[in-house]
Amino acid sequence: MKTIQAYRFALDLTAGQERDVLAHAGAARVAHNWALAKVKAVMDQRTAERSYGVPDERLTPSLSWSLAGLRKAWNAAKPDVAPWWAEVSKEAFNTGLDALARGLKNWADSRTGKRAGRPVGFPRFKSRRRTTASVRFTTGAIRVEPDRMHVVLPRLGRLKLHESARKLGRRLEAGAARIMSATVRRDGGRWHVSFTVEVERAERGPARPGVVVGVDVGITHLAVLSTGEMVGNPRHLVAAQRRMRALGRALSRKAGPDRRTGQRASKRWERAAARLGRAHARVANLRRDGLHKLTTRLATTYGTIVVEDLNVTGMLANRKLARHIADAGFAEIRRQLAYKTTWNGAGLLVADRWYPSSKTCSGCGAVKTKLALHEREFACEMCGLVIDRDRNAALNLAALAAQFDTAGSGPVAARGADQKTRVRGQVATKREPGTASAGQTGTVPPQGRTIDRALTKAH
Ligand SMILES: [Zn+2]
């Protein structure tokens, strides 16, 4: 099975190499900004011409927004715009033009309704100060050196890695992987290289193919499994977050830049901002690590994984929950599980977002009207069951898989296109996405009423 996978490594650049990378990133920005100005000028020109009553066929021809089109225009203009163009790899310009082509497409798709989600703004000019320096290479000599501590990139040459690339190196040597692109980027004050790699993965099944696990992505824990296991947040995360908050407060006390008065940031502010950036990166790394460990373990262990489908955009609007949800990286867990279950031949089921996994008793199926977020225990009034709130939710999710199985829609383990099945015989409470914390919004239909509910197979 061929999959596309990313590998990211921290780099230790020399001062000279850092200058080279920055020159490439700067070239990417120049091409991006030049092409954006050109696109805007042509749009404005056509609007003006239309207002004078120029017929459509006689308007200034519009510029192609495709990468190929932008590249053609750039190549014609670069001797004038960037007489130094030969000093950097053409991939640098390509990086900027590609970003613009994608930005324009996203904007156009968002306007015409082809793209879901939040509206996408028109691409903006990239400033040296506010843009993350990055350059992407798609052709030429890109390789990991046999010592696995160095990589070679076009023009930039041999760069030292801060950590060993042994896993990727092994795959490349075995011929089981092919590097498609390499991006050098500065995140959080540190340089990284990330490779997009096509990997040939051996087909293998999960260790316990017949076992279903429900996963409740938690607030106090990273996740709670229906097996009763509570997966904690990664170590050091809380401390790293505390430090991040403290640095944020320290930054706000220093004289930052002011766009209205044109006030430049103080040196102290700049140093504090850099410290905060590094702290952010550390929190993000710790979190990513914890999520990857969890999702890999789930996908290689269980035959079927059931998770909840929450409207994350809706939930983030709720300020109090927002931080926690963001912390738990809810959407990220879903995303990782989706591809890792595919790799491992496991099944991923996503419970409908209306399914009241927290408010349903996993013992008798009775549904509560209210369950405030601070109530960490689920106590059933019908059967007397008292159980950890998140474990109860996880058990309910796992039980959904059995219903999917017996609903006559085929075995859970079967892989296929998106499937939906109706689960009958349970009572649902209506819950708006995003109000899960409120706990006061539920209304329970009379007991015994049957409501159809959907369970979606993710892949
Ligand atoms: Zn009960």
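Biologist: What should I know before I start reading?

Modeller: This is a predicted model, where local features need pLDDT of at least 70, side-chain atom pairs count only at pLDDT 80 or more, and totals for chains, interfaces and linings use all residues. Residues are numbered from 1 along each chain as its sequence is written, and side-chain values use heavy atoms, with hydrogens and water left out.

Biologist: Which order do the strands of the open sheet have?

Modeller: Strands (E, at least two residues) and helices (H or I, at least four) are DSSP runs, numbered from the N terminus. Two strands pair if DSSP finds at least two bridges between them. Here seven strands form an open sheet in the order S2-S6-S7-S1-S5-S4-S3, with antiparallel pairing. S2 and S3 (143-144) stand at the edges with a single partner strand each, so one side of each has no neighbour in the sheet.

Biologist: How many bridges join S6 to S7?

Modeller: Ten bridges join S6 to S7 (residues 190-200), and Ala 177 has Val 199 in S7 as its bridge partner. Their hairpin has two residues between the strands, and Gly 188 there takes a positive phi near 55°.

Biologist: Which residues coordinate the zinc ion?

Modeller: Donors are N, O and S atoms within 2.8 Å of the metal (3.2 Å for Na, K and Ca); water is not among the atoms, so sites may look incomplete. The SG atoms of Cys 361, Cys 364, Cys 380 and Cys 383 coordinate the zinc ion at 2.2 to 2.3 Å. The site is tetrahedral, with angles of 107 to 112° among its four donor atoms; four donors count as tetrahedral if all angles lie between 85 and 135 degrees.

Biologist: Is Cys 380 buried or exposed?

Modeller: Buried means under 20% relative accessible area, exposed over 50%, and partly exposed in between (1.4 Å probe, protein chains only). Cys 380 is buried at 9%, while Cys 364 is partly exposed at 39%.

Biologist: At what angle do H2 and H3 pack?

Modeller: Axes are lines fitted to C-alpha atoms, for helices over the stretch in contact, and angles run from 0 to 180 degrees between N-to-C directions. H2 (residues 67-81) and H3 (residues 90-111) pack at about 135°, with axes 9 Å apart. That makes H2 oblique to H3, the class left over when angles under 35 degrees count as roughly parallel, over 145 as roughly antiparallel and 65 to 115 as roughly perpendicular.

Terms used
Four donors count as tetrahedral if all angles lie between 85 and 135 degrees; four count as square planar and six as octahedral if opposite donors are over 155 degrees apart and all others between 65 and 115; anything else is irregular.
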